[in-house]
Amino acid sequence: MFLKLFSTAIIFACSLVHSGWVVAQPAPPNRDQVDVPDPAYQVIIDPTLVGFEKFVDAELKKWNVPGIAITVVKDGKVIMKRGFGLRDIEKNLPMTQFTVQPIASVTKSFTVASLASLVRAGKLSWDRPVREYLHDFKMYNDYTTLNATPRDLLTHRTGLPRHDSSWYNATATREELYKRIQYLEPSAQLRATMQYNNFMYMTAGYMGGKVAGSDWESLVRTNIFAPLGMFNSTFSIDDMQKAQHVAKGYKWDEKEQPTEIPYRGITAMGPTGSINSNMEDMSRYLRLYLGRGEFEGKTILNAADIVEMTNPQMVMADARRYEEIAATQYGMGFFLTHYRGERLVHHGGNMPGASSLLSFMPQKNIGVFTTANLSGSSLPSIVTYAIYDRLLGLKPVDWSGRFWDNKEKAKASEHSAKKQNLSPQKTGTKPAHALSAYAGRYHHPGYGTVQFSDSGAQLTGRLNDLSSPFAHYHYDVFVAPNDKLNDMANTKVQFITDLDGDVSAVHIGLEPSVKPIAFTRQPYAHFRDVKFLQKFAGEYQLGNTTIIIGLRDDAVLTLATPGQPTRELVGIRGQRFNVKTSNGFSIEFTSDKTGKIDQAAFYQPNGNFVATRK
């Protein structure tokens, strides 16, 4: 299955009241000096967290995570702001509170907060149809198209499942991705259930930019970054790399060792998860929410806006796995729950090379932000829980042990299945065609083009900018290898043979909530070549009927027969064409000894016929 990105690790924390402040480190540098940080400048101000460094260092080692940065806000003050471990293993560079990393889906709350500025100005309503602001907005069905509101987009209740493989690592622009939505199949009705969806947040941000007369980035920069003084935060991987302190991204290999991987830019999907930041800036962002929209005497968000964001909007399925964690609901840009009896607002973020978690307890006036430079790491959740346990004065829960036990049991289960050779794979089968018959380009309007090439020994598939070898699994099904460093690992593809025995499509299970995505085979390049096509144009005699094959200026052959509408011809292979909109009808042109086209064979459900060229 293609990598699922920006999923929200469901973390729930709690809050504690602790008085007494101890200044343990020097005062922070002037804001003008932030880009020239002193790695030794680390802040821990609270007696409850003294010695917490030993816990974090031990967990870094246990979980084999290169580095993590943490900031904690309590009663309007930053009581912890520092890095642990390494931001760069190869160069042995330390993680600090100045280190910039992707925050991934934590970006979603920034998108909602920026849209709130438009609501406040009377330019946007949470509950008016999106079509009033984006006139070309179109979903898979008309009811959702006409009735979906900004609130629906931001609460994951449009009925659209993730479909992340449509946009992940694609080269399409934001507008092009926005236009793909109409081709993505829903799995539920509008407002029926909560289904996490990145496309809808991208759409909401795109809408906000259009309403503001600019773009999403400008909306966030003007209404959030600038008034908070978040001068280290950026919207793209390219801009992040220009910072002095940047964390390298890592992912576990098969031996659970961190291996460096490149960050993948998602600028086109920006409103769903493209922001990069550090502890300096994110501590300010936390203070904004704990200050009920006030920051250093300025009103950035109305208190009512924050209430709107943190009010339950959609109920989620209640797994109730741990007694410390209550049922979870979704607001707008935040998950809502209770941890050990205390109300907790939170949102996680995951992308290749980074895992992050923002959380705060409004009633206790405590907030935590953590980010680690490792894909899918549990460490941000473990550290966050540990901080809340200590600040609440409660006996710490061994979340690290629980998560570790879960991980090891899952590994053992997988190993047991492998050892017993348990698999749905049908052995002793072979493909219906030679590998070369599967090679080609296949298209889906919502997912773009997937291309398969044949090296003679195996197939290689490419979707967007992801590529992987595919080995024969059974029959006409092929599978990508089980490799933790391969974003396409274990993805199965099924090639479809039509009634004429030609490979006409490939089905890929890219979104488990709907049927496999059907990519239709596209004509070879020569079928778009005017010089190749013009040799087929002319009149052909079939009995008493004259058939005209024409060539349009857009390099498309047409078929005209008396008493029938003109139809387009779609190239298949060689000199054979399907008749568009006529299932089971195709034409194959043949040549004489000189290479000149002399006949056209018509293959139809009621028989095969041949026409002679005039």
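This is a predicted model: local features need pLDDT of at least 70, side-chain atom pairs count only at pLDDT 80 or more; totals for chains, interfaces and linings use all residues.
1. The side chain of K515 is joined to that of E185 by a polar contact of 3.1 Å.

2. As an example of the pairing, strand 19 (residues 459-463) and strand 20 (residues 466-474) run antiparallel to each other and are linked over five bridges. Within this pair, T460 stands opposite P469 of strand 20. As background for the student, strands of a sheet pair through backbone hydrogen bonds, in either a parallel or an antiparallel manner.

3. Strand 28 (residues 567-573) pairs with strand 29 in the antiparallel sense over four bridges. The bridge partner of R573 in strand 29 is R576.

4. What does its side chain meet in a salt bridge? The partner is D502, with a distance of 3.0 Å from N to O. R576 lies in strand 29 (residues 576-579), whereas D502 lies in the loop between strand 22 (492-497) and strand 23 (503-508), so the pair ties together parts that are 74 residues apart in sequence. Both residues of this pair are buried.

5. The structure holds 33 salt bridges in total. One of them connects K179 and E175, whose closest N and O atoms are 3.6 Å apart. Both residues lie in helix 5 (residues 174-180), where they are four residues apart, about one turn of the helix. The general rule is that an α-helix has 3.6 residues a turn, so residues three or four places apart point the same way. K179 is partly exposed, with a relative accessible area of 43%, and E175 is also partly exposed, at 34% relative accessibility.

6. Another salt bridge joins R552 and D554, with 2.9 Å between the closest N and O atoms. R552 counts as partly exposed at 34% relative accessibility, and D554 is partly exposed with a relative accessible area of 48%. Elsewhere, salt bridges that share partners join E256, K407, E408 and K411 into one network.

7. Helix 11 (residues 303-310) shows how a helix may present one side to the interior. Which of its residues are buried? They are D305, I306, M309 and T310. Viewed down the axis of helix 11, these buried residues fall within an arc of 120 degrees, so they line one face of the helix. They pack against helix 2 (107-120), helix 10 (279-290), strand 13 (335-339), strand 14 (342-351) and strand 15.

8. Strand 15 (residues 354-361) contains S356. This serine has a relative accessibility of 5%, so S356 counts as buried, the limit being under 20%. A polar atom of the S356 side chain lies 2.9 Å from the backbone oxygen of I103. Leaving aside residues up to four places away in sequence, S356 touches I103, V106, G348, G349, F369, T370 and T371.

9. H156 has a phi near 60 degrees, a positive value in a residue other than glycine. H156 is found in the loop between helix 4 (150-154) and helix 5, and at 1% relative accessibility H156 counts as buried. R191, which is not a glycine either, has a positive phi of about 65 degrees. R191 lies in the loop between helix 5 and helix 6 (198-212) and counts as partly exposed at 36% relative accessibility.

Technical notes:
Residues are numbered from 1 along each chain as its sequence is written. Side-chain values use heavy atoms; hydrogens and water are left out. Two strands pair if DSSP finds at least two bridges between them. Helices (H or I, at least four residues) and strands (E, at least two) are DSSP runs, numbered from the N terminus. Buried means under 20% relative accessible area, exposed over 50%, partly exposed in between (1.4 Å probe, protein chains only). A polar contact is a pair of N or O atoms within 3.5 Å; within protein, one must be able to donate a hydrogen and the other to accept it, and residues adjacent in sequence count only if both atoms are side-chain atoms. Contact means heavy atoms within 4.5 Å. A salt bridge is a side-chain nitrogen of Lys or Arg within 4 Å of a carboxyl oxygen of Asp or Glu. The arc is that of the directions from the helix axis to the C-beta atoms.
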